[in-house]
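Student: I have a model to go through. Please take me through it by question and answer.

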Amino acid sequence: YYQLRFGEACKRFESAIAKVEQEGWHSPVFTGTQIVEQDIRKLGFELPLFIELYDILLSFWRHDVILRPMAHRFLRGIIQLVGRSASFVRNGLEQKNKEMNGTKKENGHSGPSHHYLTWHERTDDVAAVAWDMTILESSLTSDYTELVAGIIAPTDNENNSNSEEERNELGTI
């Protein structure tokens, strides 16, 4: 079950990364609803890739997805996805160093992607990526952590506030 959910999440995120590589940071890669996008933007995210990533991370903890006994696996998956996003950003920045040393590398596609290979040259892109990574870190260490903790180990107050139906539904998933 977890492998299927994680595979879906990876496919969704890799698809978004591929589009960003081809079209640039502002390409429309978010696959969720407009309402969800607006809610995530309220946190401060600006780039569609990071909005997509955060929605993917949130999706693991929906009541119709999470299985508490598998929480450790979902947590590991989150770490992997966040690490993948950091790696993607780092690779773009390292490309700058490779270009400066005269060893420009193609990104594995049929030809070099102009947007991805040169994003580090545009101050607006660097600033937007830095901003969204800061928002991601802030969101993960506060709101997201509280959400996950409340789902994995709800306090007595949280248990009492849930309806009987919600408790039964969580317990049978």
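Student: Is S139 buried or exposed?
Tutor: This is a predicted model, in which local features need pLDDT of at least 70, side-chain atom pairs count only at pLDDT 80 or more, and totals for chains, interfaces and linings use all residues. Residues are numbered from 1 along each chain as its sequence is written, and side-chain values use heavy atoms, with hydrogens and water left out. Buried means under 20% relative accessible area, exposed over 50%, and partly exposed in between (1.4 Å probe, protein chains only). S139 has 5% relative accessibility, so S139 counts as buried.

Student: Leaving aside neighbours within four places in sequence, which residues is S139 in contact with?
Tutor: Contact means heavy atoms within 4.5 Å. With its neighbours within four places in sequence set aside, S139 is in contact with L43, F45, Y54, Y144 and T145.

Student: How many of the residues of α3 are buried?
Tutor: Helices (H or I, at least four residues) are DSSP runs, numbered from the N terminus. Among the buried residues of α3 are P48, Y54 and S59. α3 is mostly covered, and the buried count is 11 of its 12 residues.

Student: Which residues make the contact of α2 with α3, and how is α2 oriented to α3?
Tutor: The axes, lines fitted to C-alpha atoms over the stretch in contact, have angles from 0 to 180 degrees between N-to-C directions. Those of α2 (residues 34-42) and α3 (residues 48-59) come within 10 Å and cross at roughly 105 degrees. Angles of 65 to 115 degrees count as roughly perpendicular, so α2 is roughly perpendicular to α3. The contact is made by I51, Y54, D55 and L58 of α3 and, from α2, V36, E37, I40 and R41.

Conventions. Helix = DSSP H or I, 4+ residues; strand = E, 2+ residues; numbered from the N terminus. Parallel < 35°, antiparallel > 145°, perpendicular 65-115°, else oblique.
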